[in-house]
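Biologist: I am new to this structure and would like to learn how to read it. Could you walk me through it, feature by feature?

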Amino acid sequence: MRPKRRPLLVFLALAAAAGLGSAAAGAAPAAAAAKGGGAPPPDLPEMRTPDLDLRAMLLLIAERRVYEPVTVLQALKGGTEVRAELASALARTPGAEARSVLEGLLIDDQAEVRRAAAFSLGVRGEAAAAAALRRAMHDPDRETGALAVEALGRLATPLVEVAGELLSLPEEERWARLLPYLFRFRDEARLPLAEHGLGLADAELHRWAAYAVARDPLPGEAPLLRRLAGDPDSQVRAWAARGLGRVGGVADLAVLAPLLGDPAAGPVVEALRAGAALAAAGDRGRSAKPAAAPPGTLDAPGGWRRRLLALLADRRAGVRITAIEAAAAWLPDPELGAALAARAAGPAVAAAAPGQARPAPPGAPAGTSPAPPAPASPAPEAVASPAAAVEQGMALVSLAHGRDPRASALAAAAGRAAEPRLRALAAEAAALLGDGALARRLAADPSALVREAALTARLWSAPPPAKAPGAGAAGKAGGAAGGPARRGAGESSAARVAVAALADPDEGVRTTACGWLADHPAARAAVLAGALAAALRDESIESPLGAIKALAARGAAEPSERGAAVELLERLGAQPSYALRREAAAALVRLGRPAPALGPVRGLDAGGAGEDLASYREIVERTRRARTVEVRTNRGSFRVRLDCPRAPRTCLSFLALAGQHFYDGLLFHRVVPDFVIQGGDPRGDGFGGPGYVLGDELNRLRFRRGVVGMALAGPDTGGSQFFITLAPQPHLDGAYTAFGEVTAGAEVVDAIQAGDRIEAIVEVP
């Protein structure tokens, strides 16, 4: 039996406590939306008052991000569950005192407490904890040791050192601790370790070794990925395809081709994406795609063209949508182009007068024939939903990527559609085609969703003419290249567009502009000061966060304006929002200023100036057990078990919003096949929320398939938007609040498409 060490922990906490006061003073009641409201469920056992008060205080200090010494001392003397809760609370509490207590909890006599401490030290990411974590790798409890390995990976500890220190353990223990988190180390030493892991008989360790080389592969790991493309495990095959798309070559199209017929959806989706990436990369510098592919890959039976044509009509939504996107990499192609054009046509395109020839699209090579007649529109029910309109628009964007001659007329017609999501995709197509007139018209659209899309497309898809078709697709993360030192005519034009967009009445449009200006600091500090002032009045937390980043980037790029940027950022120290104060502090550090003290969270953004202990008691009482909701959609229903004890504030907020019918009628605005579905945004564009933000409640619920997480715009920016994983996503662990898991109706989740609707979310027994 392990010796008990709790008296030592009490001593450490006493030493750290000197001069600190209580965090509970001066608190006020919370908003009902965040608290959940109502009496505790009647079927729960009575909780002893001391434990209830102590757990309430632990929740309070976790949310306030303060170290409260009296509470820490009381928790250290509590039972196993209370000490484990203390370790979880200290994950979000800054300062050396909290870290010291966590290091002490790493030698607690109970394994559950040590596990919580190791996880929390990893989340904190402080190099000073490395020595304690190295010792914890050898813990008698396997899970504690593995969590210590994960934490060291987060700290960028050299893999050779971690692996070397594990050599003292029996071989079975060594691999069981190292392989699950080998992906946290991007290091040349990873290859031989992963190769050994792939040869182990344990199927779970084999899978972890595969994920390590596939998640963020190094070039030398490509041979392993080629082997894994034929693995018996469908999840491993999917990961291998994804990895080959990053480090493979054009010859790997032949390796990926068999996966297009895989019975599981994941390998098909990832092979389609990887093949498109490799085809696009092979196309750069070449005049024709077929010459870039190995013999037989495109045209022989079982080749890409035939399989792509079949997958464009696949019954699995994720496969079909991915095939539509991937087909762009193989254009120009008569059959694929015709199939995409049929998809891109619809009732909204009827105004394009089907049957009339169209001129060649702008930018087409000299001598290009006029576009073929616009295809006849399908039956109205084919585009009766936003989801069908999104699919139609994605086919249009693929045609535009491939410079298909039909794309110009179809884009013009889609730009007149009644459905805003189709007009938004028409804006993306217009930018890819170089149709400035259409792009400018959609940039002035009455719908903010369309204006955002038009702005995004004009900014991120404004490459020089020599850029290869298919590169630089519109997206918030695209177009990062080209800082102030590389400004050309194209960027100067984009800068004018971005600066003009800062005057848009919609916060989503302005946030989009700030995102581009953070990567291309072309706006003067005085202009950004006005944008920041407007953003601070917006409902979305993402709007002021974007303005802060743009201002910091300008200060770094223009020394003459650094002082003005610093002055503005320093004023943000008085902001009530903890997330904004933290972002401003980080920006000041990047500009060479000392890090200001953040202070505690000043009550929850969810309501009021603060909360009293009675409010926290109620939260603890209402979250002592899991609760279940049924999510009803136009595709069917699925059930989610909410892990209230792990994420109490998040779960109660979710339940309260559902009870207020907040989610009724909202769309799943983002769907990434084999990754996530995301919904809960009242705006429908990713910028909306309930009017308050939630702090992160990071915990050890892993993002395996079907886990529900809180969508974020940065740390502590949760709200109403949630996502559900469609496949395991271990890289999300400890970075997003996981607060539930799908327990029934997984097939409905798999069928959800972007634009599908939430009809209601109701709590069920």
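Modeller: Gladly! Let us start with burial: a residue counts as buried when its relative accessible area is under 20%, and as exposed when it is over 50%. Keep in mind that this is a predicted model. Of the 765 residues in the chain, 57% are buried by that rule.

Biologist: How many helices and strands does the chain have?

Modeller: There are 35 helices and eight strands. As for contacts between residues at least 6 apart in sequence, 71% of them link residues at least 24 apart.

Biologist: Which residues of helix H31 are buried?

Modeller: H31 spans residues 562–571, and its buried residues include Ala565, Val566, Leu568 and Leu569. These lie on the same side of H31, because the arc they cover around the axis is only 165 degrees. Gly563 and Arg571, on the other side of H31, are exposed.

Biologist: And what covers the buried residues of H31?

Modeller: Among the elements covering them are helix H29 (525–535), helix H30 (542–557) and helix H32 (578–590).

Biologist: At what angle do H30 and H32 pack?

Modeller: H30 and H32 pack at about 10 degrees, and their axes are 10 Å apart. That is why H30 is roughly parallel to H32. The residues of this contact comprise eight nonpolar, no polar and three charged. Leu545 and Ile548 are among those H30 contributes, while H32 brings residues including Leu580 and Glu583.

Biologist: Is Thr144 buried or exposed?

Modeller: Thr144 is buried, with a relative accessible area of 0%. This residue belongs to helix H9 (residues 142–154). Leaving aside residues up to four places away in sequence, Thr144 touches Ala111, Arg114, Arg115, Ala118, Ala136 and Asp139.

Biologist: What should I look for in the backbone?

Modeller: Arg403 has a phi near 55 degrees, a positive value, and sits in the loop between helix H22 (386–401) and helix H23 (407–414). Asp674 also has a positive phi, near 65 degrees; its loop runs between strand E3 (670–672) and strand E4 (676–679). Arg403 is partly exposed at 39% relative accessible area, whereas Asp674 counts as buried at 15%.

Biologist: Which peptide bond is cis?

Modeller: The bond from Leu331 to Pro332 is cis, with omega near 0 degrees. You will find Pro332 in the loop between helix H20 (317–326) and helix H21 (334–344).

Definitions and conventions:
Residues are numbered from 1 along each chain as its sequence is written. This is a predicted model: local features need pLDDT of at least 70, side-chain atom pairs count only at pLDDT 80 or more; totals for chains, interfaces and linings use all residues. Side-chain values use heavy atoms; hydrogens and water are left out. Helices (H or I, at least four residues) and strands (E, at least two) are DSSP runs, numbered from the N terminus. Buried means under 20% relative accessible area, exposed over 50%, partly exposed in between (1.4 Å probe, protein chains only). Contact means heavy atoms within 4.5 Å. The arc is that of the directions from the helix axis to the C-beta atoms. Axes are lines fitted to C-alpha atoms, for helices over the stretch in contact, and angles run from 0 to 180 degrees between N-to-C directions. Angles under 35 degrees count as roughly parallel, over 145 as roughly antiparallel, 65 to 115 as roughly perpendicular and the rest as oblique. Ala, Val, Leu, Ile, Met, Phe, Trp, Tyr, Cys and Pro count as nonpolar, Asp, Glu, Lys and Arg as charged, and the others, Gly among them, as polar.
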